[in-house]
Amino acid sequence: TVDGQGRRVFELRAQAGESDLGHGATRTWGYNGAYLGPTLRAKRGEQVVVNVRNSLPEATTVHWHGMHLPAKVDGGPHHPIPAGGSFQAAWTVDQPAATLWYHPHPSETTEKQVYRGLAGMFIVDDDEPAQAALPHDYGVDDVPVMVQDKDFDGDQLSMAGRFGSDIGVLGDQILVNGTPSPYLDVHSELVRLRLLNASTARIYNFRLGDGRPFALVGTDGGLLDKPFMTDHVRLSVGERAEIVVEMRPGERVALRSVQSLGGDLGSKFNGGQDAFDILQLRAAATLTPAALPKTLVATPRLDPAQAAQTRSFTFSGREINDRKMDMDRVDAVIVKDTVEVWNVRNGHDTPHSFHIHDVQFQVLAVDGAPPPGELSGWKDTLYLAEGRTFRIIARFADYADPTTAYMFHCHVLKHEDEGMMGQFVIV
Ligand code: C2O
Ligand code: CU
Ligand code: CU
């Protein structure tokens, strides 16, 4: 709803409930319901107010992943909402249209809370002509696809697999938007899927069942310059991709996850050799014609020559630069409105997922080489494969607050909870 001052107001209540996830009555958590939360949607330039109430038996927070907003309302571990408490986050949306999401971020209990079901999508809209040229009928030809894997013990969710695992639970039940064995009826030649890896640990390598190419049109922070044709897209925890799939009348095609390609070592954790279906696409006998735009949104490249600062962060074990998270330590003090280059390296043999709050960054290089097409757009989360070094660039604009930190961390939630996180302030 829009209030008297023209602000878009959302109400979110974190609560416990029971859901049917294909295994009977399962105790789960959700926002405004038993599992997951509503898709929030606001337009660039709009003022947003979210009133969060915590009806859970323990403290939580709500973090707006990918959103550019003041640190005080970022929902990080410094701002717990106690059981029975509430919190109001208000900010003005000022970033390109994108597929963002929200999830809890309390100190040391994020993995469990997300696993139980606390997560939702947050779609930002803008007036770019490309948005209108792409499929944009929500739930019809523009569809959220929140992918999660769960492990069940009887009719209840189990986290037993996290013990003894280096990255956490890898479940054998796939849910899309909380639904087991999902399918989507498609009525037009093009369908846009907003893929979000909302799992706690698993890395997906999305492909179509027959290996056909599809168009990657957007990454974490917005649309690419132009559609990038590919036959796979890999998403580590927290990453998003907007893809457009072309369908032929009457056909059925599965969106699948298959073992990672090439020599990429992350695959060994991706359920070993397995390949599994995510979502069945079922085309109607007649389809509405649709065409993919040739260009999307031209995005200026940030210039490393302008960087005020270069920093290096090595991820290893549960540490970043050999240090675990300390709520009282600030790891980087960044001057407002400056551009910084970060060298982010995985110095170990476990895959990580690198995420920064508040900003969207561009990838300058991967192991010294120009980034591949799928990393050509705005990102806030990166699959940090073993041994790889990513050179990224971001502008830290608008919100100075020397006393309130933003986070950067591994988005494998077990790693995050175990301390693989650092803090920065903008001054
Ligand atoms: Cu999606 Cu710091 O988190
Ligand atoms: Cu975030
Ligand atoms: Cu990690």
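**Figure 1. Domain 1 and domain 2 of the predicted model, with C-alpha centres 22 Å apart.** This is a predicted model, so please read each view with that in mind. The protein chain is split into domain 1 (8–125), domain 2 (132–288) and domain 3 (304–426).

**Figure 2. An open sheet of five strands, in the order 14-22-21-16-19.** Pairing in this sheet is mixed. Strand 14 (183–188) and strand 19 (233–235) stand at the edges; each has a single partner strand, so one side of each is left without a neighbour in the sheet. On average, neighbouring strands are turned by 25° against each other, direction ignored. As a reminder while you look around, strands of a sheet pair through backbone hydrogen bonds, either parallel or antiparallel.

**Figure 3. Strand 22 (residues 276–288) and its pairing with strand 14 and strand 21.** Do strand 14 and strand 22 run parallel or antiparallel? They run parallel, joined by five bridges, and Ser188 stands opposite Thr288 of strand 22. Strand 21 (residues 252–257) pairs with strand 22 in the antiparallel sense, over six bridges. To find your way along this pair, look for Ser257, whose bridge partner in strand 22 is Phe276.

**Figure 4. Strand 16 (residues 204–208) beside strand 19.** Here the two strands run antiparallel, and three bridges join them. A handy landmark is Tyr204, which has Leu235 of strand 19 as its bridge partner.

Figure 5. How far apart are the end C-alpha atoms of residues 23–128? They lie 43 Å apart, and the chain over this stretch is 7% helix and 39% strand. For residues 308–427, the end C-alpha atoms are 14 Å apart, with 4% helix and 47% strand.

Definitions and conventions:
Residues numbered from 1 in each chain as written. Chains lettered and ligands numbered in written order. Predicted model: local features only at pLDDT ≥ 70, side-chain atom pairs only at ≥ 80, totals over all residues. Pairing = 2+ DSSP bridges. Axes fitted to C-alpha atoms, helices over the stretch in contact; angles between N-to-C directions. Domains from an automatic or database assignment.
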